[in-house]
Amino acid sequence: MPAESKAEARAEASTVRPSSSLTERQEARRRRILHASAQLASRGGFDAVQMREVAESSQVALGTLYRYFPSKVHLLVATMQDQLEHMHGTLRKKPPTGDTAAERVAETLMRAFRALQREPHLADAMVRALTFADRSVSPEVDQVSRQTTLIILDAMGLDDPTPEQLSAVRVIEHTWHSALITWLSGRASIAQVKIDIETVCRLIDLTEPGTRP
C-alpha cells in the first residue's frame, strides 16, 4: 500500500479496521482472541498458534473465532497490527528525542524493533504470517502498513507530508520489515539492523523541502 498522509491513514484506519462496527461485547471478545493469539505465539511461535487452542484460551466457540478471523494468517496479521498500535501508544507517551526527523524516526523504529526483540517467537509468528498472506488478507496487511506509516509520520512530526516524503516513508517501511526478516532468520545482527535503519532514515533529510537543487 502506498504511504499516506497522517490524516488519510487515520481516517482509513478508523473506517477499515475490522472492529470498527463491533458492539462493545464483540470488541471485548475480539480483544480476548488477539490476546490469546499473542500469548500462544510468544510461547511457541507460528506453529503454536492453533485455532482450536486460540478459541479455548479466549473462551469463544471455534466457529465464532473463524467468523472473526478466517485463518491463522488473518489472525496473526491482525495481531501484528494490534501490537503495533500498542507500541504506538507507548511511543507517544515517551516521544523520540532526536534533533532531526531522520534521527527521531530511526530511534522510534529501533525502539519498536527492541520491543519485538523481547518477544522473538511472537515476532517470528507475525512476520511469517505477513510473508504467507495472500490477497484475502489484504485488509489486515493494509492495517499493518497504515499503522507503521502513522508511527513514522508521528516521529517525523508531519501532518501534511509531501509526495517525496511519503515515498521515503514507504522505503523506510520496506527496509524495517526486511530488517525484521533478516534478523529473525539469523542473517543480520542487531548492530547491522541499527546501521540499516539509520542509513535508510537519511532519506528523510533528502526529502526536506528546499534541499533539492
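A pocket, as the word is used here, is an open set of grid points where a 1.4 Å probe fits, with protein on both sides within 12 Å along at least five of seven lines, and its lining residues have an atom within 4 Å of one of those points.

**View 1. The second largest pocket of this predicted model and the residues around it.**
The lining of the second largest pocket consists of Gln-83, His-86, Met-87, Thr-90, Leu-91, Arg-111, Ala-112, Ala-115, Leu-116, Arg-118, Glu-119 and Leu-122. Two elements give two or more residues to this lining, namely helix H5, which spans 72-93, and helix H6, which spans 101-117. Helix H5 makes the largest contribution to the lining, with 5 residues.

**View 2. The largest pocket, with a volume of about 320 Å³.**
Of the 13 residues that line the largest pocket, Leu-130, Val-141, Ser-145, His-174 and His-177 are the closest to its centre. Helix H7 (120-132), helix H8 (138-156) and helix H9 (163-184) are the elements that each give two or more residues to the lining of this pocket. Among the contributors, H9 gives the most, with 5 residues. The lining of the largest pocket divides into 7 nonpolar, 4 polar and 2 charged residues.

**View 3. The largest nonpolar core, seen around Val-105.**
In soluble globular proteins, nonpolar side chains tend to be buried together. The largest nonpolar core of this model holds 59 residues, and those with the most contacts inside it are Val-105, Met-156, Trp-176 and Cys-201. Which residues does Val-105 touch, not counting residues up to four places away in sequence? Val-105 touches Ile-152, Ala-155, Met-156, Ile-172, Cys-201 and Ile-204, and two of these partners, Met-156 and Cys-201, are themselves listed with the most contacts inside the core.

**View 4. The helices of the whole protein, shown for orientation.**
The secondary structure comes to 11 helices and 0 strands, so that, read from the N terminus on, the elements run α-α-α-α-α-α-α-α-α-α-α. Of the 213 residues in the protein, 46% are buried. Among the contacts with a separation of 6 or more, 75% are between residues 24 or more positions apart. The protein exposes about 10,800 Å², of which carbon and sulfur atoms supply 51%.

Note on methods
Residues are numbered from 1 along each chain as its sequence is written. This is a predicted model: local features need pLDDT of at least 70, side-chain atom pairs count only at pLDDT 80 or more; totals for chains, interfaces and linings use all residues. Side-chain values use heavy atoms; hydrogens and water are left out. A nonpolar core is a set of buried Ala, Val, Leu, Ile, Met, Phe, Trp, Tyr and Cys residues joined through side-chain atoms within 4.5 Å. Buried means under 20% relative accessible area, exposed over 50%, partly exposed in between (1.4 Å probe, protein chains only). Contact means heavy atoms within 4.5 Å. On a 1 Å grid over the protein atoms alone, a cavity is a set of points where a 1.4 Å probe fits but cannot get out, and a pocket is an open set with protein on both sides within 12 Å along at least five of seven lines; lining residues have an atom within 4 Å of a point. Grid points are joined across faces, edges and corners, and a volume is the space filled by probe spheres set on the points. Helices (H or I, at least four residues) and strands (E, at least two) are DSSP runs, numbered from the N terminus. Ala, Val, Leu, Ile, Met, Phe, Trp, Tyr, Cys and Pro count as nonpolar, Asp, Glu, Lys and Arg as charged, and the others, Gly among them, as polar. Accessible areas come from the Shrake-Rupley method with a 1.4 Å probe; for residues, only the protein chains shown count as cover.
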